[in-house]
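Colleague: I am new to this structure and would like to know what lies behind the terms used for it. Please set each value against its cut-off.

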Amino acid sequence: RHNWPDVRVACVWLPELPLRVEVLRSPRLEGRPLVVGGGPGQRHVVTLCSAAAARAGVRPGLPLREVLPLCPDAVVVPPDPIRTAGVLEAAAAALERVSPIVEVGAEELYLDLRGLRELYRADLTNLERAIRAAVPSLLLPRLGVAAGKLVAAVAAREAPRQGARIVPAGEARGFLAPLPIDHLPLGVDALGWLRRLGLRTIGELAALPVGAVQAQLGPAGARAWHFAWGRDDEPVVPRRPTPSVRAAMRLDDPLASTDALFLALRMVLERAFADPLARNRAARQARLGALLADGSAWEQVITFKEPMAGADAAWTALKHRLGAAGMLPAAPVEELAVELRGLDGVPGRQENLFVNHQRPANAIQEVVARLEARDSHPPLYRAVPVEPWSRIPEERWALVPLERKHQDIS
């Protein structure tokens, strides 16, 4: 039995999620050497492999033709991003019954634990039991609980197989210190720079002056330095309920020609825009998915340059993008689906008769909206003066996220 220490975030890590999704679909594959690679339009190389396949010599980047000679029992499956995203979303929806605030990452799900102490009788064992009841055990979830989101993610990765790791607030620095710098929230280039300096552990970074780290790595370096000291106050950002509609078409005969595929796409778009939820609304993004005759899946997510308010405009834009970029399916299509995302009111184009001082701000807001449709957290920032009198340039200004609704956007 655990008590409830000073913690506020739980992270559920789903390691090797594409592989585990295949096991979830076919439990008989449990324990078999699994290999993912060779998706439509991709190189025929291994992108992910299980531990059993790795012991036989299989590794990411290996040509698929060399997999079976190394591991005759290997099961090679194409990537299925549609099913993987569906499993992740289903797990997030189930976890929202455990905590009302759930954030979705690539392979992580974050739960805000504030206000839940009494609900689970001040016992983290009850919380862990509820989480494991919500997430399928075949996904092999690992649980990390800490006072901050980043520390909780590291704790989940350091947890035993299908186990949990709890890091109270006062123990975060000691927990992080001996761990390798790969756990730092830094990019590949920054981690390479730290290795060239001879740094191997998070504790070694914490021993450096913050000014020196920030001078070399900028704001990301300062963030990593504070994280190395156990200072982690990043909030859990809940999923935003963005309105969307979906339409699909099952085909009796697989479509092999481009013209037939575009004709089917037009029909599916007409069904999607005929949905009452899409009435008088424009879509900022379209997610196209297809099941192919060879058993693989195809998916493309396309963000429109301008919101599309009808099937004709959306079809023209998608046809041009798919054809120009060579993103068409590599095999005949048996089922085609379209999801219209980011539905919003049709944007007006009324211009001011005289000088429109608001136009630049509106244009920037529109760009932010497009990037938000493509990325949940677009990397847009604005400079805010903090200590303009400082002799250190990095301390004079700070970068804060640019909000779509910010009034002083210019």
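Rings and charges

Modeller: This is a predicted model. By the ring-centre rule, the count comes to one aromatic pair. The pair is formed by Trp 225 and Trp 229.

Colleague: Why is the aromatic pair of Trp 225 and Trp 229 called tilted?

Modeller: Their centres are 5.6 Å apart, and rings pair if the centres lie within 6.5 Å. The angle between the planes is 40°. Planes under 30 degrees apart would count as stacked and planes over 60 as edge-to-face, so the rest are tilted.

Colleague: Is Trp 225 buried or exposed?

Modeller: Trp 225 has a relative accessible area of 10%. Buried means under 20%, so Trp 225 is buried. Trp 229, with 27%, is partly exposed, as that term covers values between 20% and 50%.

Colleague: What makes you say that the charged end of Arg 173 sits over the ring of Trp 229?

Modeller: The charged end of Arg 173 is 3.6 Å from the ring centre. The rule asks for a distance within 6 Å and a position within 35 degrees of the ring normal. Arg 266 likewise lies over the face of Trp 315, at 4.4 Å from the ring centre.

The cores

Colleague: Which residues touch the most other members of the largest nonpolar core?

Modeller: That core has 35 residues, and the ones with the most contacts to other members are Leu 265, Leu 269, Leu 288, Leu 318, Leu 322, Leu 336 and Leu 340. Elements that supply at least two residues each include strand 9 (245–255), helix 11 (258–273), strand 10 (281–292) and helix 12 (311–325). Helix 11 gives the most, with eight residues.

Colleague: What does Leu 288 touch?

Modeller: Leaving aside residues up to four places away in sequence, Leu 288 touches Leu 265, Trp 298, Glu 299, Gln 300, Leu 318, Leu 322, Ala 337 and Val 338.

Helices

Colleague: How do you know that helix 1 and helix 4 are roughly perpendicular to each other?

Modeller: Helix 1 (residues 17–25) and helix 4 (residues 81–95) pack at an angle of about 85°, with their axes 10 Å apart. Angles of 65 to 115 degrees count as roughly perpendicular, and therefore helix 1 and helix 4 are described that way. On the side of helix 1 the contact is made by Leu 17, Pro 18, Val 21, Leu 24 and Arg 25. Helix 4 contributes Arg 83, Thr 84, Val 87 and Leu 88.

Colleague: Why does Glu 89 count as partly exposed?

Modeller: Glu 89, whose place is in helix 4, has 39% relative accessibility. Buried means under 20% and exposed means over 50%, so a value in between is partly exposed. Not counting residues up to four places away in sequence, Glu 89 touches Val 104 and Arg 239.

Colleague: Which residues of helix 8 are buried?

Modeller: In helix 8 (residues 188–196), Ala 190, Leu 191, Gly 192 and Leu 194 are buried. Their cover includes helix 9 (202–206) and helix 10 (210–228). Helix 8 is followed by Gly 198, which has a positive phi near 90°.

Loops

Colleague: Why does Asn 280 count as exposed?

Modeller: Asn 280 has 66% relative accessibility, and the cut-off for exposed is over 50%. Asn 280 is in the loop between helix 11 and strand 10, and has a positive phi of about 60° although it is not a glycine.

Colleague: Why does Ser 50 count as buried?

Modeller: Ser 50 is in the loop between strand 3 (46–49) and helix 2 (51–55). At 10% relative accessibility, Ser 50 falls under the 20% limit. Its contacts, not counting residues up to four places away in sequence, are Glu 16, Leu 19, Arg 32, Pro 33 and Leu 34.

How values were computed. Residues are numbered from 1 along each chain as its sequence is written. This is a predicted model: local features need pLDDT of at least 70, side-chain atom pairs count only at pLDDT 80 or more; totals for chains, interfaces and linings use all residues. Side-chain values use heavy atoms; hydrogens and water are left out. Rings of Phe, Tyr and Trp (its six-membered ring) pair if their centres lie within 6.5 Å; planes under 30 degrees apart count as stacked, over 60 as edge-to-face and the rest as tilted. Buried means under 20% relative accessible area, exposed over 50%, partly exposed in between (1.4 Å probe, protein chains only). A nonpolar core is a set of buried Ala, Val, Leu, Ile, Met, Phe, Trp, Tyr and Cys residues joined through side-chain atoms within 4.5 Å. Helices (H or I, at least four residues) and strands (E, at least two) are DSSP runs, numbered from the N terminus. Contact means heavy atoms within 4.5 Å. Axes are lines fitted to C-alpha atoms, for helices over the stretch in contact, and angles run from 0 to 180 degrees between N-to-C directions. Angles under 35 degrees count as roughly parallel, over 145 as roughly antiparallel, 65 to 115 as roughly perpendicular and the rest as oblique.
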